[in-house]
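Visitor: I have the sequence and the model open here. Could you walk me through a few of the contacts and how the pieces are arranged?

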Amino acid sequence: MRSGQAASRSDIARLTHVSASTAATRVEALIGLGFLHETGAGRSRGGTRPRRLELRTDAGTVAAADLGANHASLALFDLGGTLLSERLLPMDIAEGPERVLAWVVGQIREMSDAAPAPLAGLTVGVPGPVDFRAGRVVSPSRMPGWNGADVPGVAGALIDVPVLVENDANLMALGEFSAAPDGCEHLVFLKAGSGIGCGVIASGQLHRGARGAAGDISHAPVSDQQDVPCSCGRTGCLDAVASGAALARRLHAAGFDVHSTSGVVEIARNAEPVSARMFRDAGRATADVLATIVNFFNPDTLVLGGQLSQAEPYVANIRSTLYERCLPMAVEKLVIAPSRAGRLAGVIGGGRLMLEHLFDPRRVNALVS
């Protein structure tokens with residue numbers, strides 16, 4: 001029903017290969033639970049016109065919070081994934097999980113109170129590694145006080161709905177995949193902002209790996225930068241060399257009045273020679289790591305997102321280096337594109353993740369049974 005393949009009881013029976021009576025019994029249970037409703041007569045296939053069924057998109061809402069280092073994007077969606085409202089607000093991730101999540105829940109409550117249906121779930125995206133199954137943040141480099149934080153536990157104690165936590169780049173990859181044109185099955189999303197992250201969609205599904213570390217390229221080594229220390233304790237990591245925070249430090253040391261990634265992007269627009277060289281170097285370093293991913297994974301789409309994707313020298317050198325370092329077969333039909341969803345990519349992905357959770361067949365079967 002959600003995919004649009006079925007619109008009646010007879011469609012469901014035909015597609016699932018169950019009897020008409022079984023399909024009718026299941027549908028009545030789903031109607032009773034508020035998942036489906038009848039909307040009139042459908043198209044006849046030679047007999048009586050079937051009663052048309054649709055998903056009850058107005059039966060509830062889901063919320064998503066995409067947390068950055070200094071801001072948060074918050075959004076509310078109906079059960080069909082349509083955006084109802086959104087906010088972009090300043091926020092300091094360094095205040096720790098208890099204060100930040102209490103603030104997030106407070107904002108979501110305000111948004112939900114103005115919505116036409118009750119809240120059914122909340123997804124929180126964080127700028128650090130996440131063990132999705134355990135619901136915990138794992139050794140984040142720019143989130144002091146968050147190591148081991150049980151985000152569903154902390155937020156769930158404040159709001160009586162299911163809470164999920166996911167890495168922000170993974171949510172952005174899901175959001176971009178939702179906005180991708182038909183035919184896209186394998187997508188890599190590069191989030192280049194204050195930090196650098198990557199999300200991977202394989203055969204239409206988010207690929208997390210064994211513990212959630214898939215796509216975490218922030219601490220991949222850059223071969224010619226072994227003298228650059230990283231917050232993880234090693235040297236030469238991509239995040240320490242090519243992230244927005246790293247460029248801000250280097251530009252400040254070179255005499256520029258810049259302290260944030262947004263300031264870095266503003267300098268890039270002015271095409272100042274010293275800064276342009278730094279952006280080119282950062283783009284090449286990022287592409288060196290991405291080239292391995294493109295050669296190994298062979299995606300059909302590479303999406304460039306985050307604030308640094310607005311810096312032309314950075315993006316241009318990612319493109320040129322990828323074509324230079326990758327196998328011709330791997331890049332012959334590779335689409336390298338800017339983000340379609342923009343700053344909403346993370347919350348769109350968060351909303352989608354929660355909807356998949358709420359409509360998981362095992363969960364629905366448990367309710368129907």
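Visitor: Which residues of helix 7 meet helix 8?

Guide: In this predicted model, Gly 244, Ala 245, Leu 247, Ala 248 and Leu 251 of helix 7 are in contact with Thr 261, Val 264 and Ile 267 of helix 8.

Visitor: And at what angle do helix 7 and helix 8 pack?

Guide: Helix 7, residues 244-253, and helix 8, residues 261-269, pack at an angle of about 65°, and their axes are 8 Å apart. That makes helix 7 roughly perpendicular to helix 8, because angles of 65 to 115 degrees count as such.

Visitor: Is the crossing left-handed or right-handed?

Guide: The crossing of helix 7 past helix 8 is left-handed.

Visitor: Switching to the sheet, in what order do the five strands come?

Guide: The order is 12-11-10-13-14 in an open sheet, and the pairing is mixed. Strand 12 (205-206) and strand 14 (335-338) are at the edges with a single partner strand each, so one side of each has no neighbour in the sheet.

Visitor: How do strand 11 and strand 12 pair?

Guide: Strand 11, residues 196-202, pairs with strand 12 in the antiparallel sense, over two bridges, and Gln 205 in strand 12 is the bridge partner of Ala 202.

Visitor: Which strands does helix 10 lie across?

Guide: Helix 10, residues 312-325, lies across strand 10 (187-192), strand 11, strand 13 (301-305) and strand 14, and runs at about 170° to strand 14.

Visitor: One last thing, what lies over the face of Phe 132?

Guide: That is Arg 208, at 3.6 Å from the ring centre of Phe 132.

Conventions: Residues are numbered from 1 along each chain as its sequence is written. This is a predicted model: local features need pLDDT of at least 70, side-chain atom pairs count only at pLDDT 80 or more; totals for chains, interfaces and linings use all residues. Side-chain values use heavy atoms; hydrogens and water are left out. Two strands pair if DSSP finds at least two bridges between them. Helices (H or I, at least four residues) and strands (E, at least two) are DSSP runs, numbered from the N terminus. Contact means heavy atoms within 4.5 Å. Axes are lines fitted to C-alpha atoms, for helices over the stretch in contact, and angles run from 0 to 180 degrees between N-to-C directions. A charge sits over a ring if NZ of Lys or CZ of Arg is within 6 Å of the ring centre and within 35 degrees of the ring normal. Angles under 35 degrees count as roughly parallel, over 145 as roughly antiparallel, 65 to 115 as roughly perpendicular and the rest as oblique. A crossing is left-handed if the near helix is turned anticlockwise from the far one by less than a right angle, and right-handed if clockwise.
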